[in-house]
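Reader: I am new to this structure. Please pick one spot, look at it closely, and then show me what lies around it.

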Amino acid sequence: MTGRPVTPSGSSILERARRAAEHRAKGRRIIDLTLGEPDFAPPAHVVLAAQEAAARPLGYAPANGIPELRRAARHAVEPDRVLHYTDAEVAVGCGAKQVIFNAFLATLGPGDEVIIPAPYWPGYPDMVRLCGAVPVSVPCSADSGFTLAPDALEAAMTEGTRWAVLNAPGNPSGATYSHDTLTGLAEVLRRHPSAMILSDEIYAHIRYTEGEYLSIAQVARDLRERILLVDGVSKAYAMTGWRVGWGFGPAELVRRLTAVQAQNCTQTATVSQIAAVAALEKGCRLIVATLDGVPA
């Protein structure tokens with residue numbers, strides 16, 4: 001990358017969360033909607049697994065995650081979303097956020113474009129800009145359920161589009177995509193083979209509606225080599241601070257993500273990875289939230 005370096009702006013969400021914490025510390029009653037953080041504790045068996053692991057000498061782990069975690073993640077997505085991946089198609093990182101950033105850093109250059117449906121999680125455009133690329137916001141109205149319509153995606157696509165972001169259930173909207181909408185989006189994406197698809201599914205187990213959950217990776221299996229499906233234990237298992245996430249994608253992309261991971265932080269904390277294995281091996285129940293915030 002040449003030219004003037006990009007100056008990071010910091011996370012607007014973390015800044016708002018810090019301000020909310022300051023007000024709370026002063027005794028004010030604060031309803032904090034900044035961080036996507038469950039208000040329940042991690043499962044007891046997860047905590048126990050971490051405690052037992054911490055008492056052992058662990059040492060460094062592979063940059064792409066311990067084999068047990070890659071295997072557990074693959075086995076979890078098979079019955080959950082009826083998707084099958086090999087070990088070489090799993091990229092482990094310090095939370096879903098780092099996996100996404102690693103993917104952008106490994107593939108984006110100056111002037112490249114990333115399509116981001118709005119409303120969106122503020123981290124997406126910040127990460128894109130940090131890579132010297134250009135975020136392209138596409139407004140999605142309440143009438144459309146805050147989902148990206150195929151014609152809106154088509155209108156936003158250019159020769160410079162390198163990624164199209166799909167986040168479902170959406171943050172902050174909670175929006176999910178129907179089979180018909182995903183089919184329409186896939187038709188558009190087939191006409192633009194130079195664009196990758198980021199399917200951020202970290203909230204897949206926390207939804208506002210019951211019924212079948214669909215990923216574009218299920219609906220458009222022919223686009224497999226262009227899809228990075230991102231997930232982790234932060235939301236479904238209330239393990240936000242443990243920082244464990246992963247992406248399922250083509251082996252070459254995973255190799256590039258792993259190279260970035262190896263240079264920026266070496267690996268995800270081994271204790272956290274062992275705890276994540278314990279979480280995945282016992283599974284989780286779907287949390288269908290009601291409007292008053294109480295699980296249904």
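**A glycine in a loop, and beyond**

Author: Gly 111 counts as partly exposed, because its relative accessibility is 46%. The classes are buried (under 20% relative accessible area), exposed (over 50%) and partly exposed in between, with a 1.4 Å probe and protein chains only. This is a predicted model: local features need pLDDT of at least 70, side-chain atom pairs count only at pLDDT 80 or more, and totals for chains, interfaces and linings use all residues. Residues are numbered from 1 along each chain as its sequence is written, and side-chain values use heavy atoms, leaving out hydrogens and water.

Gly 111 sits in the loop between helix 4 (95-107) and strand 2. Helices (H or I, at least four residues) and strands (E, at least two) are DSSP runs, numbered from the N terminus. Leaving aside residues up to four places away in sequence, Gly 111 touches Gly 132, Ala 133 and Val 134. A contact means heavy atoms within 4.5 Å. Arg 129 is 18 residues from Gly 111 in sequence, and their C-alpha atoms are 9.8 Å apart.

Now follow the chain into strand 2. Strand 2 (residues 113-118) runs parallel to strand 4 (residues 161-167), and three bridges join them. Val 114 has Trp 163 of strand 4 as its bridge partner. Two strands pair if DSSP finds at least two bridges between them.

The buried residues of helix 3 include Leu 69, Ala 72 and Val 77. Arg 70, Arg 74 and Arg 81 are also among them. The buried residues pack against strand 1 (90-93), strand 7 (227-232) and strand 8 (245-248), and also against helix 8 (216-219) and helix 10 (270-282). Just after helix 3, Val 82 takes a positive phi of about 55 degrees.

The whole protein has 10 helices and nine strands. Buried residues make up 49% of its 296 residues.
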